[in-house]
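Thanks for coming, everyone. I have a few minutes and one structure to walk you through. Please have a look at the screen.

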Amino acid sequence: MYITSKNENDQGSQLLHQSVVTLDRIIYSLAKTPNGIRLMVQADQDDFRLTLFDGERTHHGNETLVSACLTSENAAALRTQLPWLKPVALGLKTSAGMGDRLGLATPGHVRAIRKMNGKIAPIFTQQSIRENTRTGRTPQQVIDDAMWGIFQENWRDGYGADADHLKTTDDIDVCLKAGYSFFTVDPGEFVDNRAENADLINLRNYAKDLPSELNMEHSGLLNQIITAEHLSLTFDEKTLLKSMVKYGRAVWHVFKMYQYLLKNAGARPVEFEVSVDETDNPTSHAEHVYIASELRRLGVKWVSLAPRFVGRFEKGVDYIGDLKDFEHDIKGHAAIARVFGPYKISLHSGSDKFSIYKIAAQATRGLVHLKTAGTSYLEALRTIAALDPDFFKEIYEFCRNRFETDKVSYHISAQLSHAPIPSAVDHLAELLDNFDAREILHVTFGSVLKEKAPDGSFQFFDRLIRLLKENSELYAENIERHFLRHLTPFVMNE
Ligand SMILES: [Zn+2]
C-alpha cells in the first residue's frame with residue numbers, strides 16, 4: 001500500500017510509477033516534487049533499513065516514509081539494497097556505451113536499450129576524465145546520475161560503467177573508488193608517429209629505446225607469417241620494427257595500467273579496454289596483431305580493443321570515407337580479434353555513424369562495442385530548440401564564437417563559414433542536422449556548460465538543466481528515438 005508524503009515540501013508530488021520497487025517489505029520509488037525528484041522509501045516504522053537513508057520522515061499508522069534528496073550518500077545506500085543498481089562486467093556480448101554529459105539522458109537510453117530485447121548489453125555510465133574536466137563533474141557524480149535514471153526506469157538487467165580514456169594510475173584510483181566496472185586505457189600519448197615514415201636504419205635506432213622486455217626476439221614474431229582467418233601477415237624485420245616503434249611504448253603503458261588495475265581492484269570483477277583510436281594514423285592489421293600478440297604475451301586480458309580505423313570518425317556526424325575501404329579494414333581487425341581473443345572491436349566516436357553500423361555488426365559477427373557520448377548532449381540541444389528557440393539561438397551564437405578556440409583538441413572538418421546563421425533556417429532544430437553546425441555545437445559543450453555571466457552565475461547551464469528537468473519526457477523521447485537508430489542495426493537478423 002503506497003502512502004504519500006505529508007512533508008510540506010512534497011505537496012503536489014507525483015509518483016514516477018515505473019520506478020516503484022517492492023522488495024522484502026520495503027517500497028522504494030521516485031517522486032517528482034516541486035523541489036525536484038526525490039527518493040521515497042516506505043517501510044514498517046521499526047525497519048532498520050530506513051536508517052540507511054537520510055531524509056525527512058513522516059509517519060502513517062505504523063509505517064514510516066522517508067523523503068530523501070538524490071545525494072551521493074542516498075545513492076550509495078540504495079545500491080546496497082538493490083544490487084542491480086551496481087555496475088557489472090558485461091563480457092563479450094554486443095554492447096553499447098551511452099555517455100551522458102548532463103546527467104539527464106539515462107531514462108531515454110534505458111528505453112531504447114529495452115527495445116533491443118536483451119540483445120545489446122548497455123553501458124549507461126561512461127565518461128572520460130577529459131569530459132569530466134569539461135563538464136565540471138566527478139566520476140562519482142556520473143555514476144550516481146546514471147544510477148538514478150536506471151532506477152527511475154526500473155532497469156534490472158545489468159549495466160556497465162566505463163571509465164573512459166584513462167591515462168594515469170590516478171585516473172584508475174578515482175574511478176575504482178566510484179564503482180566503475182569497465183576501464184578503458186588510452187596509451188595514445190605513447191604512440192610514436194615517427195615510425196610511420198622512418199627507414200629501416202632509423203627504425204632500428206628508435207627500437208633501441210624500448211623496454212628490454214619488448215625486444216624483437218621476445219615477441220616471437222620476427223620472420224613469421226601470422227594468419228587470422230582470411231588474413232595472412234608477414235612480419236619481416238621492417239614490418240615488425242615499425243609496429244614495435246609505433247606501439248611498443250603504448251603496449252608497455254597498457255601493461256603497467258592493467259597490472260595496477262588488477263592489483264587495486266582486488267576481488268572485484270572489472271573489464272579492460274585498450275583504445276588507440278585517438279592517434280594520427282590508422283592502425284594497420286599487422287600493428288593490431290603486434291599489439292594483441294604482445295599484450296597477450298604479457299598476460300593482459302582485455303574485453304575490447306579500439307583500433308584507429310581508416311577514414312574519419314568525426315564527432316557527432318556520419319563516417320567520412322569510402323565504405324568499401326572501411327569494410328575491408330574492419331573485417332581484418334575483426335578476424336584478428338576473433339583469433340587473438342576473442343575480444344570485441346570497439347567503435348569510438350561511434351555516434352551518428354549510421355552508414356557503417358550494419359557493416360560493423362556483420363564484420364564482427366556481433367563482437368562489437370559501440371561508444372557514443374556527445375550525441376546525447378546534442379539531443380538535449382534539440383529538445384531546447386523545441387522548447388525555447390530564442391535560448392537555443394543564444395547558445396548557438398555563443399558556440400559560433402567559441403568554435404575556433406574549442407575545436408583545437410578535436411579532429412573535425414567543420415567550417416564556421418559553412419554553418420548557417422540562425423536567420424537562414426526555417427526551424428532552428430535544422431541546425432542540428434547540418435554537418436558544420438552540428439560539429440560546432442558538439443565541440444563547444446564544455447564552454448557552454450561552464451560559461452559564467454558577469455554576475456558570476458552560469459550563462460546557460462542552470463537554464464538548460466531546468467528546461468530539461470521540467471520537460472524530462474520530451475528529452476527522453478528524443479534520446480530514445482535517436483538511440484533506436486543507433487542500436488537497431490546491431491541487432492542481427494532483424
Ligand atoms: Zn575514444
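I'll go from domains to sheets, and then to the core.

A word of caution before we start: this is a predicted model.

Domains, then. The domain assignment gives three. Domain 1 covers 8-70. Domain 2 is 85-375 plus 486-490. Domain 3 is 389-471. Take the centres of domain 1 and domain 3 over C-alpha atoms, and they are 39 Å apart.

Next, an open sheet. It has five strands, in the order β1-β2-β3-β5-β4. The pairing is antiparallel. Which strands stand at the edges? They are β1, residues 14-23, and β4, residues 56-60. Each has a single partner strand, so one side of each has no neighbour in the sheet. On average, neighbouring strands are turned by 20° against each other, ignoring direction.

Look at β1 and its partner β2, residues 26-33. Six bridges join them, antiparallel. Leucine 23 sits opposite isoleucine 26 in β2. Helix α4, residues 139-152, packs on this sheet and touches both β1 and β2. Its direction makes about 85° with that of β1.

Now over to strand β6, residues 95-98. Side chains in a regular strand alternate between the two faces of the sheet. Here both faces are covered. Ser95 and Gly97 are buried on one side, Ala96 and Met98 on the other.

What does β6 pair with? One partner is β7, residues 121-128, parallel, over three bridges. Serine 95 has alanine 121 as its bridge partner there. Between β6 and β7 the chain passes through helix α2, residues 106-114, and this β-α-β crossover is right-handed. β6 also runs parallel to β15, residues 368-372, with four bridges.

On to the core. Nonpolar side chains tend to be buried together in soluble globular proteins. The largest nonpolar core here has 125 residues. Those with the most contacts inside it are Ile150, Phe183, Val254, Leu295 and Leu381. Helix α8, residues 237-265, gives the largest share, twelve residues.

Two close-ups. Isoleucine 150 has contacts that include Leu85, Phe124 and Trp155. Leucine 240 is in helix α8. Why does leucine 240 count as buried? Because it has 22 C-beta neighbours inside 10 Å, and the cut-off is 20 or more. Among the residues leucine 240 touches are Met216, Leu221 and Phe235. Its C-alpha atom is 8.7 Å from that of asparagine 223, 17 residues away along the chain.

That's the tour. Thank you.

Conventions
Residues are numbered from 1 along each chain as its sequence is written. This is a predicted model: local features need pLDDT of at least 70, side-chain atom pairs count only at pLDDT 80 or more; totals for chains, interfaces and linings use all residues. Domain bounds come from an automatic or database domain assignment. A nonpolar core is a set of buried Ala, Val, Leu, Ile, Met, Phe, Trp, Tyr and Cys residues joined through C-beta atoms within 7 Å. A residue is buried if 20 or more other C-beta atoms lie within 10 Å of its own, exposed if 12 or fewer, and partly exposed in between; C-beta atoms are placed from the backbone. Helices (H or I, at least four residues) and strands (E, at least two) are DSSP runs, numbered from the N terminus. Two residues are in contact if their C-beta atoms, placed from the backbone, lie within 7 Å. Two strands pair if DSSP finds at least two bridges between them. A crossover is right-handed if, with the strands pointing away from the viewer, the path from the first strand over the helix to the second runs clockwise. Axes are lines fitted to C-alpha atoms, for helices over the stretch in contact, and angles run from 0 to 180 degrees between N-to-C directions. Lists of a residue's contacts leave out its neighbours within four places in sequence.
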